[in-house]
Amino acid sequence: MVAFRIFAMAVSHQCMKKWKPHQVNQPSVSLIISRSSTFSSRTWQYQSVRTLILESVSSESVRLNRLSGSNSGIVEVRLERPGAKNAIGKDMLRGLQETFEAIERDPSANVVMICSSVPRVFCAGADLKERKTMNPSEVHSFVNSLRSTFSALEALRLPTIAVIEGAALGGGLEMALSCDLRICGEEAILGLPETGLAIIPGAGGTQRLPRLVGKGVAKELIFTGRRICGRDAMSMGLVNYCVPTGEAHQKGLEIAQDINQKGPIAIRMAKRAINEGLEIDMASALELEEDCYEQLLNTKDRLEGLAAFAEKRKPRYTGE
């Protein structure tokens, strides 16, 4: 198991630093996939002109893709375990840990999309076949690692978008809940069915779901294990957008492109101000907002934004 650090305590400090681009080493060879490439699902039939740089981590279940060209700065984390409906086992957990560590170290990344290469499924949750072979101590250790991994995802400095087509159940939904934004297709199925197995959501679901949809709705969904469709998820505020089936990735990409055009440091400071501010009283939160704003005053990007406005052109932000 790769040693895994939790970034939550370091986020505030790192956000204040001046970002300096550097190369991030990856353990495998890159594969360039041209625009003409097609995938098994129309979800992956990209419409924009760009090239994907596909980089793999040591896991066979997770792929890290850095988009290039006009989409440089957008990173995709792709789940690829078709034989198990992207169920999270030890290999996928290790891949997620390594991937989030790589993203955290990469100052060129501005926004992350988490999506699936497997048609009609985002993530089916924990690998119960693998779980059946574990003793209680091993289960406890695995669930703790999964919870820590999703906390690290939530603590990433840059915005994260979950792109959901098909099933997002148990740990799969908990992973989506750890993201900043969620986009789903109309036929998506979301739920936390753990109580049906005589357990509870153990990777953050009992805490993140009520913070998102309210205590009463969260209790009903967790107590009953009820599965909901994309439209219902939209109506209760569980997802930001529900789009026609097969179009969730395109919608997620459009949002990522919009975010990618903004000042990178400003986006990270906005995320910090919102996330940390909600956990404290209003007076302290306003002081936090002031501190975040102050971190932006002497950046080159702020001056570039003013210059671009005066010259009636698009700003060219560098993250400095």
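This structure holds 16 salt bridges, a salt bridge being a side-chain nitrogen of Lys or Arg within 4 Å of a carboxyl oxygen of Asp or Glu. Before I go through some of them, note that this is a predicted model, in which local features need pLDDT of at least 70 and side-chain atom pairs count only at pLDDT 80 or more, while totals for chains, interfaces and linings use all residues. Residues are numbered from 1 along each chain as its sequence is written, and side-chain values use heavy atoms, with hydrogens and water left out.

Start with R66 and D106, whose side chains form a salt bridge at 2.8 Å, N to O. This pair links distant parts of the chain, 40 residues apart: R66 is in strand β3 (residues 62-67), and D106 is in the loop between α2 (90-105) and β5 (111-116). Helices here are DSSP runs of H or I with at least four residues, strands are runs of E with at least two, and both are numbered from the N terminus. Are R66 and D106 buried or exposed? Both are buried, where buried means under 20% relative accessible area, exposed means over 50%, and partly exposed is in between, with a 1.4 Å probe and protein chains only.

Next, D258 and K262 form a salt bridge, with their closest N and O atoms 2.6 Å apart. D258 is partly exposed at 41% relative accessible area, and K262 is partly exposed at 37%.

D291 is partly exposed at 23% relative accessibility, whereas R272 is buried at 8%. There is also a network: R63, E76, R78 and E80 are joined by salt bridges that share partners.

Now the nonpolar side. A nonpolar core is a set of buried Ala, Val, Leu, Ile, Met, Phe, Trp, Tyr and Cys residues joined through side-chain atoms within 4.5 Å. The largest one has 46 residues, and those touching the most other members are V77, I114, F122, I164, M175, L190 and L209. Which helix gives the most to this core? That is α2, with six residues.

Take L209 from that list. Leaving aside neighbours within four places in sequence, L209 is in contact (heavy atoms within 4.5 Å) with L177, L192, G214, A218, L221, I222 and L238. A second, separate core has 14 residues, including I74, V111, I183 and A256.

Last, R208, which is in helix α6 (residues 205-213). R208 is buried, at 13% relative accessibility. The side chains of R208 and E154 make a polar contact of 2.9 Å. A polar contact is a pair of N or O atoms within 3.5 Å; within protein, one must be able to donate a hydrogen and the other to accept it, and residues adjacent in sequence count only if both atoms are side-chain atoms. A polar atom of the R208 side chain also lies 3.5 Å from the backbone oxygen of A203.
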